[in-house]
Amino acid sequence: MWAYKLNIPSHWRLLSERYRLVGGYCENCGYKMFPRQKVCPKCRSENVKAVELPKRGKVITYTIVQTPPRGFEYYTPYALAIIELEDGTRVFGQLTDIDPSDVQEGLEVEMTIRKVRVSGESGAIAYAYKFRPLLERE
Amino acid sequence: MQKPIIAGVGFTKISAHWKSSLKDLASEAALKALNDAGNPEIKAIVVGNMMSGIINGQENLGSLVAESIGLQGVPSVKVEAACASGAAAVMWACLSVLSGIFESVLVVGVEKMTDVTDNEDMSSALATAADYDYEVFFGATFPSLNAMIMRSYAEKYNLSPEDFGHLPILMHKNAVDVAHAQLRFPITMEGYLNSPVISDPLKLYDSAPIGDGAAALVITSRDGAGNLDHAVEIAGFGSATDTLATYRREDITSLMAAKLATKRALSMAALEPKDFDIVQIHDAFSVIGYLNLEALGIVEKGKAHKFIASGDADRSGALPVNPEGGLKARGHPVGATGVYQIAELALQLSDRAGPSQIENPNVGVAMNIGGTGANVIVHVLRRIE
């Protein structure tokens, strides 16, 4: 479906968000957001600066997709989750390096960069953040 | 303030209309509504539709619909608010009539979904209601976002899988004798629980079907031309927005915009939730139906499933909910749905609903939701004595 072809300009515009998790920090009220908005959703200040967000967080809620949209057939079933980062900012993304049946609320995760979608056989390949479980550490 | 009135209604059956185009469906509904209203002179047309550009390769529906019913020359535009496009069209028609500039306005909600025959493409088209850059890009489908809401809601209020089954079971029961409904068969709790998982924990039977349909209304001022024998008043309407993306909401188990829209509609109508005699909720998914009932002030948080299971929401109950089967069973041709809801209420409030008629309702409310709660429009209708 043509409306769903990955287009390169819109991906390129968002590389700092998709590779580095750059969000917004309101210098007026201290609220952090993802993505950065021109106007703070809490205090409506326009004094919102770009800030790199923490790369670790935990799963707030999740779902396992069984009926994918075009372009995600290969990954199905896959887990999508709302993640709360260590500073309280929320982001949404796919979980990786985990069996979907092992996902649960509260799971500790960290950001990683993975292939998210491709645009046909000869089109662009888009990489972006996904979240993987933290390794068990001593 | 003189309230706008609904002078005529018309709609098609909701189905996979393989032989009918978007234009065929829209013109059928429009002509029925015009005829029902006694063919007044239409001064403007508002078309509600979500996905015609993506699915049918056709935009500029204002011109398409006007020409299809011989009204070229009349001002006509499409409005879009995802799944709330239908109610958005009704609201803009009301504003047009209230402005005094257009005395009689035709509203047509239409969605021709089955021109897309692959599930993956349908899934992508519906997902345009969500945030492309931060949700859909990562593989989010519309059901998957609602599934996260369902999981959070079930955890927070301790609902079992069965608790979500009460609503779809009631919706299917209601649709059996409704001629224009898409799914006219009953389902059981066992059938609900065993239906395939689409996006865990959300099941197929939590979800409204894919279908084609069009619904139309003629909205006029009280001085408007036409036959007003069965007219119904639009006593109030209200609208509100929330974050486009689900993850950016503080509490995903509550529909902030739905509460605001309800408050605004009730304020305009000078009514309260206790005045409702009949309710049309947007049960695109079971959990969203429950959140509608909370936002409308009908049930306490986490108690909607008990209200449905108690029988109070049945056609013969204290407060009937979706007597025509709602989105789940009447069907959900997306951009038409909000117009179907209001058309069905108008028939109920003029005692013309046929087998689904409830006893003597005076006030009805319809809630139409765009996205997972990002755009909500509520209309309150009242019988004209």
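**Reading the interface**

Author: Across the interface of chain B and chain A, the rule finds 17 residue pairs in polar contact, with both residues at pLDDT 80 or more. A polar contact is a pair of N or O atoms within 3.5 Å; within protein, one must be able to donate a hydrogen and the other to accept it, and residues adjacent in sequence count only if both atoms are side-chain atoms.

Reader: On what basis is the model read?

Author: This is a predicted model, in which local features need pLDDT of at least 70, side-chain atom pairs count only at pLDDT 80 or more, and totals for chains, interfaces and linings use all residues. Residues are numbered from 1 along each chain as its sequence is written, chains are lettered from A and ligands numbered from 1 in the order in which they are written, and side-chain values use heavy atoms, with hydrogens and water left out.

Reader: How many salt bridges does the rule find across the interface?

Author: A salt bridge is a side-chain nitrogen of Lys or Arg within 4 Å of a carboxyl oxygen of Asp or Glu. The rule finds 5 between chain B and chain A. A:R70 and B:D121 meet in a salt bridge through their side chains (3.1 Å, N to O).

Reader: What is the bridge partner of A:V65 in strand 5 of chain B?

Author: Two strands pair if DSSP finds at least two bridges between them. Strand 4 (residues 56–65) of chain A pairs with strand 5 of chain B in the antiparallel sense, over 2 bridges, and the partner of A:V65 is B:S199.

Terms used. Helix = DSSP H or I, 4+ residues; strand = E, 2+ residues; numbered from the N terminus.
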